[in-house]
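Let me put the structure up before I write anything down.

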Amino acid sequence: SARFSDVAPDAWYADGANAMAELGLVDGVGDGRFNPEGTLTVAEFTAMLLRALYGEAPVEQYTGEGGEWYAPYTAYAYERDFYESTSVAGRLAACPEGGEEAFLAREMAWNATRYDMAAMLYQVLEADADGEAQAADLQWAEESAPEAVADWEEVPDKYQTLVAFCFRSGILTGMDGQGTFQGTGTVTRAQ
């Protein structure tokens, strides 16, 4: 039986959406719906990523008061510098001093870009890796990326290592058969 009323059993994403829900990695948007064509937000991506890696630890360790459903996840990510090189970092820099906690608890529902996703994946999975792993990312960026990533010349320098890591590891790749990354683009919840 379908877990979400708006996910047809034969949809290309049905197995993934249902499996992720069964594992507790994603929730619907209410009323038994998944909203597969809705755009993934920074808050949703943060929650999915942290649930996959840390389970309920962000919720159990949250000491803040109030906020949206995602507050424990965004606070956990912020405390561990997982938002470095993301749109979150830029927006947090504009917060009045001491306003970060309220911002993280209530203002994180904007659309995530593929650069945001690449940056968070890198910070969570690779940033603390040994020098050998990071050297491999840099080498791949220099030697393989120009051929593997169709829009590599458009990838800003600050994102090249992050995108290289995602492509090299197969976590986040191109949006088409040519390997176009489309870093400023967004993704749907189904994707």
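**Entry 1: the model.** I'm working with a predicted model, not an experiment.

Entry 2: I looked up the largest pocket and found about 550 Å³ of space in it. Its lining is made up of 26 residues, and the closest to the centre are M20, M48, M117, A190 and Q191. Which helices each supply at least two residues of that lining? I noted helix 1 (14-22), helix 2 (42-54) and helix 7 (114-125).

Next I sorted the lining by residue type. I got 19 nonpolar residues, five polar ones and two charged ones.

**Entry 3: the surface patch.** On the surface I went looking for a nonpolar patch and wrote down L53, L125 and I171. Together they have about 230 Å² of accessible area. I then picked out L125, which sits in helix 7. Its relative accessibility is 37%, so I put L125 down as partly exposed. That label covers values between the buried limit of 20% and the exposed limit of 50%.

**Entry 4: V42.** Is V42 buried or exposed? I first placed V42 in helix 2. V42 has 2% relative accessibility, so it counts as buried; the cut-off for that is under 20%.

I also checked V42 against A75, which is 33 residues away along the chain. The C-alpha atoms of V42 and A75 are separated by 13 Å.

Terms used. Residues are numbered from 1 along each chain as its sequence is written. This is a predicted model: local features need pLDDT of at least 70, side-chain atom pairs count only at pLDDT 80 or more; totals for chains, interfaces and linings use all residues. Side-chain values use heavy atoms; hydrogens and water are left out. On a 1 Å grid over the protein atoms alone, a cavity is a set of points where a 1.4 Å probe fits but cannot get out, and a pocket is an open set with protein on both sides within 12 Å along at least five of seven lines; lining residues have an atom within 4 Å of a point. Grid points are joined across faces, edges and corners, and a volume is the space filled by probe spheres set on the points. Helices (H or I, at least four residues) and strands (E, at least two) are DSSP runs, numbered from the N terminus. Ala, Val, Leu, Ile, Met, Phe, Trp, Tyr, Cys and Pro count as nonpolar, Asp, Glu, Lys and Arg as charged, and the others, Gly among them, as polar. Patches are made of residues with over 30% relative accessible area and no salt bridge: like charges are joined within 9 Å, nonpolar side chains (Val, Leu, Ile, Met, Phe, Trp, Tyr) within 5 Å. Accessible areas come from the Shrake-Rupley method with a 1.4 Å probe; for residues, only the protein chains shown count as cover. A salt bridge is a side-chain nitrogen of Lys or Arg within 4 Å of a carboxyl oxygen of Asp or Glu. Buried means under 20% relative accessible area, exposed over 50%, partly exposed in between (1.4 Å probe, protein chains only).
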